[in-house]
Structure formats: structure tokens, C-alpha cells
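Subject: Structure handover

Hello,

Here is the structure you are taking over. My notes on it follow below the entry.

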Amino acid sequence: MLERQRKGTGLPEQEPAMSQVHWYAAYTRAQHEKRVAGELGAREVEHFLPLYSSVRRWKDRRVQLELPLFPGYVFVRLALRDRLRVVQIPSVVRLVGFGGMATALPDTEMEIMRSGLSERLRAEPHPFLTVGRRVRITAGPFAGLEGVLKRKKSSLRVVVSLDLIQRSVAVDVDAADVQGVMSKKGADPLPPVFVSVASKGLEFP
């Protein structure tokens, strides 16, 4: 009888999941990302707020600002049983998820992104993008991430998207550090024109 009651409540299945540590996306009030990061630090919650430099013109002067790479989001790493330490922060709206339950982000990809962005490499927000020639970064700080290849003047960029929050970032890569992602039909290699054309300094839409 006791066993049936436990199965009916689903608690045995939920408890291990609630105690596992994963990365989650905390959705914040507009322009409150840095404030939330400060609160998380004070509460000793592991978090990640990637920033990028942007130069803005104000009247007669130019100002360099450090802005959130993923506007509206701060990433936290914790067990769901400790989620109140995050959602009780006034500027946090919720942990992103479905059906009232927070959804974990891919741990491996988040660790690669955090490590790569900590080196202050060039990265900037990009309109959410999932369609295009998919590649995998094979070398450098972002090795292991997959995204969509883009050309920009004399450089190549890979647009990495987080589907859960519908946000993308573009990171600069060397042509030698990417390879086509295998598809069901076989390899999808980069054609030579991808490297040779991009190296001529031409800009494509």
C-alpha cells in the first residue's frame, strides 16, 4: 500500500531531479540584469552574466558601455530545491521553463560558453537564428559549440542560439576552426568557396 501511495504522488521521481544541479535561465525585469547578478553574488548563488562592450554616442561624447549579451536573462547554476534563493529576488520574474517547471539548459554548452566568454573574446547579440548552414566549432575557446555560419566582411562568425530563451549571440571564428555538422544524409562539409570568398573582404547579406 505504501509503495502504491508513493508511486501515486510521484515524489520518488521528483526528489532526485530537484536535487540535481543544472544551469537555468532567470528572466529579469528590463535593465535589471546587473542588479540581479549582484544579489545572486550576495546570496552565494553560482551565476553567469555575460557582457559585451558597446560604444554609444551621447550628445557630444562617446561612451563605452558594458551591456548584457543576453538582455533580460541571468544564468544560474543550482538545484531546483534551492530555486527560492533566486526567484525571491525582487527583480527576478521567474526561472524559464514549461508548465510551471523550470527547464535546465545544456550543461556542457553552458560551461563552454562561460569559459569562452570569460576570455573577453569578441561576441555580440544577434537576432535569433536557427536556420542556415550548421557548423561545429572544433578549436579555440568555443570548441564544441554548434551554430549557424555567417560571413561578415573579412571574417567568419558562428551564431549560437539558446532555443529556450529565443536568444542568439555571434562569435568570431577562424575558417580552420569550424566544420560542417553531420546530417542524416551524411557529412555537410564547408565548400572551399566559404573560405576563399570570405577572405576577400566581401560583405554578404
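W23, F48, F70 and F75 make up one aromatic cluster. Please keep in mind that this is a predicted model.

Within that cluster, both F70 and F75 are buried. A search through the whole structure for aromatic pairs returned four. One that I looked at joins Y27 and Y73: the ring centres are 5.4 Å apart and the planes meet at 35 degrees, so the pair is classed as tilted. The angle falls between the cut-offs, since stacked requires under 30 degrees and edge-to-face over 60. Y27 belongs to strand 1 and Y73 to strand 5, so this contact ties together parts that are 46 residues apart in sequence. As for accessibility, Y73 is buried, at a relative accessible area of 9%, while Y27 is partly exposed at 29%. The cut-off for buried is under 20%.

F70 and F75 also form an aromatic pair, and this one is edge-to-face, with 5.3 Å from centre to centre and 85 degrees between the planes.

Next, the strands that these residues bring in. Strand 1 covers residues 21-28 and strand 5 covers residues 73-79; they run antiparallel and are joined by seven bridges. In that pairing, V21 sits opposite A79 of strand 5. Strand 1 is also joined to strand 6 (residues 92-95), again antiparallel, by three bridges.

Q31 counts as exposed because its relative accessibility is 76%, and the cut-off for exposed is over 50%.

The other is Q166, also not a glycine, with a positive phi of about 55 degrees. Q166 lies in the loop between strand 12 (155-162) and strand 13 (167-173). Its relative accessible area is 44%, so Q166 counts as partly exposed.

Regards

Note on methods. Residues are numbered from 1 along each chain as its sequence is written. This is a predicted model: local features need pLDDT of at least 70, side-chain atom pairs count only at pLDDT 80 or more; totals for chains, interfaces and linings use all residues. Side-chain values use heavy atoms; hydrogens and water are left out. Two strands pair if DSSP finds at least two bridges between them. Helices (H or I, at least four residues) and strands (E, at least two) are DSSP runs, numbered from the N terminus. Rings of Phe, Tyr and Trp (its six-membered ring) pair if their centres lie within 6.5 Å; planes under 30 degrees apart count as stacked, over 60 as edge-to-face and the rest as tilted. Buried means under 20% relative accessible area, exposed over 50%, partly exposed in between (1.4 Å probe, protein chains only).
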